[in-house]
Amino acid sequence: MTTYPRGAAPRLAEIRRVLPADAARMRALRLEMLADAPLAFLETLADAAARPHADYAARVAYTSIGSDTAQFVADPGGRLVGHAGGTVTPTEAGLTVIYAVYVTPAWRGGGLLAELVDAVAAWSRACGRPELMLEVVVGNDRAYRAYQRLGFVDTGVRVPHPTIPALTELQMRRPA
């Protein structure tokens with residue numbers, strides 16, 4: 001689909017499931033994600049930078065197939081500009097948890113977030129899971145509003161942030 005980076009001429013970004021050949025570009029995108037939004041993801045930039053390429057390659061290969069976990073990317077040809085992952089949860093059979101959602105700043109505001117979430121949703125439905133859930137750090141109002149625009153509803157559930165005890169996350173859900 002067509003996505004328009006803010007302040008630039010229209011360009012195409014293919015939304016697709018990650019491929020094993022994407023490992024180096026996924027590593028670069030992951031480091032960008034952590035530098036841009038360090039509280040949104042579950043590792044530090046230093047830890048991610050120190051991880052060997054083989055680890056990235058193994059993760060990308062694993063998430064490129066199957067129905068337990070998947071990663072989707074926005075690929076305009078060159079460096080990747082967006083990511084969204086989905087995974088099963090052992091406690092709810094019909095639920096896909098969305099994780100590691102990110103859009104490169106220059107590409108925000110052009111519909112890329114919706115396309116990435118829609119890709120996870122289509123995969124989730126194809127796997128027999130009709131509901132999506134994600135967590136947002138309380139106070140990240142920009143992300144909260146963006147997910148509301150995509151149909152996610154705040155469930156009222158609050159959970160501790162998994163790596164930063166001072167933070168709380170809120171859960172949002174919507175049909176896949």
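## The largest pocket

The largest pocket has a volume of about 1,400 Å³. Its lining counts 48 residues, and those closest to the pocket centre are Phe41, Ala100, Val101, Tyr102 and Tyr147. The model is predicted.

Seven elements are listed here by name. Helices H1 (23-36), H3 (53-63), H4 (112-126) and H5 (141-149) each give two or more residues to the lining of the largest pocket. So do strands E5 (82-89), E6 (92-103) and E7 (131-137). E6 gives the most, with seven residues. By class, the lining has 29 nonpolar, seven polar and twelve charged residues.

## Strand E6

Ala100 is found in strand E6 and is among the residues closest to the centre of the largest pocket. Its phi is near 50°, a positive value in a residue other than glycine. Is Ala100 buried or exposed? Ala100 has a relative accessible area of 15%, so it counts as buried, the limit being under 20%.

Gly94 is also found in E6. Gly94 has 27% relative accessibility, so it counts as partly exposed. What is the spacing of Gly94 and Gly128 in sequence and in space? They are 34 residues apart in sequence, and their C-alpha atoms are 6.7 Å apart.

## Aromatic pairs

How many aromatic pairs does a search of the whole structure find? The search finds three. One of the pairs is Tyr147 with Phe152: the ring centres are 5.8 Å apart and the planes are at 75°, so the pair is edge-to-face. The cut-off for that label is over 60 degrees. Both Tyr147 and Phe152 are buried.

Tyr147 also belongs to the pocket description, as one of the residues closest to the centre of the largest pocket.

## Arginines over rings

Two arginines lie over the faces of aromatic rings. Arg51 sits over Tyr56, at 4.3 Å from the ring centre. Arg129 sits over the face of Trp123, at 4.7 Å from the ring centre.

## Annotated span

What does UniProt list for residues 13-176? The record, an unreviewed entry, gives "domain: N-acetyltransferase" for this span. In the model, residues 13-176 are 34% helix and 33% strand. The end C-alpha atoms of the span lie 22 Å apart.

Definitions and conventions: Residues numbered from 1 in each chain as written. Predicted model: local features only at pLDDT ≥ 70, side-chain atom pairs only at ≥ 80, totals over all residues. Heavy atoms only, no water. Phe/Tyr/Trp six-rings, centres within 6.5 Å; stacked < 30°, edge-to-face > 60°. Buried < 20%, exposed > 50% of the residue type's maximum accessible area, 1.4 Å probe, protein only. Lys NZ or Arg CZ within 6 Å of the ring centre and 35° of its normal. UniProt positions renumbered as here; feature names shortened; annotations may be inferred. Helix = DSSP H or I, 4+ residues; strand = E, 2+ residues; numbered from the N terminus. 1 Å grid on protein atoms, 1.4 Å probe; cavity = no way out; pocket = protein on both sides within 12 Å on 5 of 7 lines; lining within 4 Å. Points joined across faces, edges and corners; volume = space filled by probe spheres on them. Nonpolar A, V, L, I, M, F, W, Y, C, P; charged D, E, K, R; others polar.
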